[in-house]
Amino acid sequence: MDQTSRRQFLSRTAALGGAAALGSFIDPAFADRNDQLNILCWEGYNSDAILDPFREANPGATVRAESGTSDPDMINKLRAGEVNVWDLINVNQPWARDQLYPENLIKPLDKDRFLPHFEKMLPEFKNYPLAFDDDGSLIGMPQRYGPFSFVVNTDVISREMAEDQGWSLFLDPAMSDRYGVLTYDNWNVMHMCLTAGLNPFAPVAGTDLDTFRSTAETIFGGAKLLTDDLVAMNIALINGEIDAYFTGGTYTASPARYDGASNVRAITPNSGPVDGKGGVVWIELTSAVNNPDPSSLAEDFLDYVQGPEASKKVAFTEGTYNPVCQMGNPEVMALFDAEELDAIQMDSLAEEMARSLDYEVIASYDELIEIYTQARRS
Amino acid sequence: MQRLNNKLGLFSALPMLSILAIAFFAPLLVVAIFSSMPPKVFTLTHIPDFSAYSVFFQQGFYRSLLWSLGAAFISTVILLVVCWPLAFGMAKIFKSFTLVLTIAVVMSLFVSENIRLFGWVLTLMKGGLIEGHMRAWLGIGFDSPLYGVPVIVFGLVYAYLPFMLFPLAQGIATVPDDARQAAADLGASRWQIFAQIDVPLAAPGIVVGCLLCFVLSAGAVAESKILGGQAIITITDDIETAFTFGQDWPLGSALSVIFIAIVSVFALLAISVVDLDKIMGRKR
């Protein structure tokens, strides 16, 4: 029997520790990262239901996904030097073209491989501009999306009335203390601009800033509760604490609807200040991180999630339920049942999309978020 | 020989001490340097202009700081009052029941704070455990106490009770029964025994409990977010917003530095007035 002395044990442990520490430095030169894939994403893509089939197709590969809690949080990780950790990043549409790509944090995708997927998407995504940079590079693949404006309890406020009244619903003194504000701050800035009759995607200056301030103060002043938790907000809506909430959409309403509360409905205003539109739609783009030691599995995974089974799973994982642009493919559409389609408000999705603006970078975000946080504190 | 041994001990500990020092101070140093950077930059390679600090006053962040400190102060006072009799019982009266109480309180810490607070939401909300049952059984409905300042203070008191209870019980346990009995024999009233024997002798426990509760409550954000519907915006909330949606790391860092500085002053003041060695049990 091999007897190991304490001294031998310690020296071996030290040698192993040293090798492990050294290994992390020499990794890029010697290791093949094609057996690893790290995905930074909104919740859903990190579900085993989506990852496991890909793992089975790539035995021996370590596939890992971590969900973020906001776009800026995830982008901060890349900025803080985690570009050499992640291979794919999944965030909403404006960030890729306006921040991630110019800052060299993501890289273009192979057009020959990915452009054919656009042919099978819903009509509004067939030539989706924000997936491309000005130089024509394909910088992200769209998948989940959803109109995002506000949510009402239709037992108290009818859908027609909410759509007609639009954002001014929240300025109505009768609504004071009857609504909540979901503190997705970047969305609120955008929506408060629309409520104030301003275009959030054009520079806001001068007296318009005062209009924005008074609108923000009115909305925060009349709010019964503020929370960044959509479940807490839906519960407050269902149990009658509030009758509506500012900032919300299919993304936030669908879990309650799928749970049977079909009176919780995401609303897109009939009209608004920008080209007659008052709603906004988010569209997630998944991009390849500009990892200095890239993994070929990144594009393989992106290709895999375009398939019918994977698309359906992306739409309906745990947490929230959302439409996917791959629903333009009849094979994908056939996988949804009536209950699921009702949860994501498929009956009005196309018309809501037509009344919605693309979520873009807010032109005067720096000034507006300052006013917004001040109003929130007051 | 003893001196040589002591020196060898120090030398052997040096590598680990330096790693601990780097691990502790490096992040704080980065935050401090970031706080001096111009607005909205993401690297430390800019010329410091300390502009983020002026924003603290211009944009009313002091209001969030005052809310945080105020709520922390009130909850600490309430905790002290609520926990004193319980801690006294645990230290002097309950005997074996003290163990049951300790296990019961400690077990609550096994569940995440957010989940426990969400449990309170389900209990207190309209149609929740209390109002729902009252309405169903007695036909009496009422507005929920959620989404206000009092429920935030309640949440802080609930969440940080163990952090006051145990140091307090420890402090009270160090008060010699002989001293209390002697005071009583000499004709001291209950109030005099409390004010002149119990409080001064249990002071280290009181200070440690108050310090823990104050510091933790001042940095708390979940109570305001989950129970209070952000009826008050805490400084921690503002720091989080600056780093995330605000994308202004220098501002977030400056707010953090101000907050750390103020809380550190309170902490240093508190520990300078009592003999912590006494409660830590070090031999003198």
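Analyst: Happy to. A residue is buried if 20 or more other C-beta atoms lie within 10 Å of its own, exposed if 12 or fewer, and partly exposed in between, with C-beta atoms placed from the backbone. By that count, 48% of the 378 residues of chain A are buried, and buried residues make up 32% of the 284 residues in chain B. This is a predicted model, in which local features need pLDDT of at least 70 and side-chain atom pairs count only at pLDDT 80 or more, while totals for chains, interfaces and linings use all residues. Residues are numbered from 1 along each chain as its sequence is written, and chains are lettered from A and ligands numbered from 1 in the order in which they are written.

User: Why does the radius of gyration of chain A agree with that of a compact globule?

Analyst: The radius is taken over C-alpha atoms, and the globule rule is 2.2 Å times the number of residues to the power 0.38. For 378 residues the rule gives a value near 21 Å, and chain A has 23 Å, which agrees. Its C-alpha atoms fill a box of roughly 85 × 50 × 45 Å along the principal axes.

User: What does the rule give for chain B, and what radius of gyration does chain B have?

Analyst: A compact globule of 284 residues would come out near 19 Å, but chain B has 24 Å. The C-alpha trace of chain B spans about 80 × 70 × 35 Å along its principal axes.

User: How many helices and strands does chain B have?

Analyst: Helices (H or I, at least four residues) and strands (E, at least two) are DSSP runs, numbered from the N terminus. On that basis chain B has 14 helices and zero strands, whereas chain A has 16 helices and eleven strands.

User: What makes α7(A) and α8(A) roughly perpendicular?

Analyst: Axes are lines fitted to C-alpha atoms, for helices over the stretch in contact, and angles run from 0 to 180 degrees between N-to-C directions. Angles under 35 degrees count as roughly parallel, over 145 as roughly antiparallel, 65 to 115 as roughly perpendicular and the rest as oblique. The axes of α7(A) and α8 (residues 207-222) of chain A cross at roughly 110° and come within 9 Å, so the two helices are roughly perpendicular to each other.

User: Which residues meet between α7(A) and α8(A)?

Analyst: Contact requires C-beta atoms, placed from the backbone, within 7 Å. A:Met192, A:Cys193 and A:Thr195 in α7(A) meet A:Phe212, A:Thr215, A:Ala216 and A:Ile219 in α8(A). Ala, Val, Leu, Ile, Met, Phe, Trp, Tyr, Cys and Pro count as nonpolar, Asp, Glu, Lys and Arg as charged, and the others, Gly among them, as polar. That sorts this contact into five nonpolar, two polar and no charged residues.

User: Why is α10(B) called roughly antiparallel to α13(B)?

Analyst: The axes of α10 (residues 203-218) and α13 (residues 249-273) of chain B come within 10 Å and cross at roughly 175°. That crossing makes α10(B) roughly antiparallel to α13(B). Among the residues that meet are B:Phe214 in α10(B) and B:Phe266 in α13(B). By class, the contact has twelve nonpolar, no polar and no charged residues.

User: How many residues of chain A and chain B are in contact?

Analyst: There are 24 residues of chain A in contact with 23 residues of chain B. On the chain A side, α16(A) gives the most, with seven residues. The residues of that side divide into six nonpolar, eight polar and ten charged.

Definitions and conventions:
Contact = placed C-beta atoms within 7 Å.
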